[in-house]
Amino acid sequence: MSIQNLEKYLPDNTLPYLKNWFSEYYIHIKITRDRHSKLGDYRKLADRSHEITINSTLAPQLFFFVLTHELAHLIAFEKYGRRISPHGVEWKDTFRKMLLESLEVYEQDLRPIITRFSRSPKANFMSSPELVRYFHIGKEGDDLQFMEELKKGDSFIYRDEKYLLEGLIKKNYLCRNLVTGRQYSFKPLARVKKCS
């Protein structure tokens, strides 16, 4: 996919950054269906080219954020070698610089959140409560809420299965599947549908 074909998924004024970051590399970008397990992915292919996949359902600013995350993997591996940790110091430094360099792409109210996040970038988007909350604001017709908003004894539906919130384990919530009886740990920012 060419950079120009990506425009419909991206915020305005991102192409100069992408052209700068892409310039030295041959990259296959695949836009995928919505995946619950990840927002994006990076791999180096056998022919020495690179592949990045990104969920098609992401809002433009989140799409750009995830693309920047995945490009930081590519650039860090190319600069420091394949033996570095995928989310280690080299990747964090690379991602931080890219985020701050492209800060003006983001909406005014998102910029302070990105700036705080860039101080110590996380490997997983869900590990940044501020970002998760920001990108779930304003979802019209969305009847989901964050796990942390429920109380002990509340029942909820997650991926078409019904659960009961039993308590807290460290920072996560201990819940029981009401069909199987098995217990599961849910993160505070998991999005669930509370049962009435």
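Colleague: Let's start with arginine 43: which residue is its bridge partner in E3?

Modeller: In E3, arginine 43 has glutamate 51 as its bridge partner. Before we go on, residues are numbered from 1 along each chain as its sequence is written, and side-chain values use heavy atoms, with hydrogens and water left out. This is a predicted model, where local features need pLDDT of at least 70 and side-chain atom pairs count only at pLDDT 80 or more, while totals for chains, interfaces and linings use all residues.

Colleague: Which sheet do they belong to, and which strands are its edges?

Modeller: They sit in an open sheet of three strands, ordered E1-E3-E2, with mixed pairing. Strand E1 (27–32) and strand E2 (40–44) are the edges, each pairing on one side only. From one strand to the next, the twist averages 15 degrees. Helix H3 (residues 60–80) packs on this sheet and touches E1, E2 and E3; a contact means heavy atoms within 4.5 Å.

Colleague: What angle does H3 make with E3, and how is it defined?

Modeller: The direction of H3 makes about 160 degrees with that of E3. Axes are lines fitted to C-alpha atoms, for helices over the stretch in contact, and angles run from 0 to 180 degrees between N-to-C directions.

Colleague: How many helices and strands are there, and what makes a run count as one?

Modeller: The protein has six helices and nine strands.

Colleague: What is the order of the six-strand sheet, and which strands are its edges?

Modeller: That open sheet runs E4-E9-E5-E6-E7-E8, with antiparallel pairing. Its edge strands are E4 (145–146) and E8 (183–186), each pairing on one side only.

Colleague: What is the phi of arginine 159 in the hairpin of E5 and E6?

Modeller: Arginine 159 takes a positive phi near 50 degrees, in a hairpin with two residues between the strands. In the hairpin of E6 and E7, also with two residues between the strands, lysine 170 has a positive phi near 55 degrees. Six bridges join E6 to strand E7 (residues 172–177), running antiparallel, and isoleucine 169 stands opposite asparagine 172 in E7.

Colleague: Is valine 89 called buried or exposed, and why?

Modeller: Buried means under 20% relative accessible area, exposed over 50%, and partly exposed in between (1.4 Å probe, protein chains only). Valine 89 has 56% relative accessibility, so it counts as exposed. This valine belongs to helix H4 (residues 89–101). Valine 89 and asparagine 5 are 84 residues apart in sequence and 32 Å apart in space, C-alpha to C-alpha.

Colleague: And what share of the protein counts as buried?

Modeller: Of its 196 residues, 42% count as buried. The C-alpha trace spans about 55 × 35 × 30 Å along its principal axes.

Methods
Pairing = 2+ DSSP bridges. Helix = DSSP H or I, 4+ residues; strand = E, 2+ residues; numbered from the N terminus.
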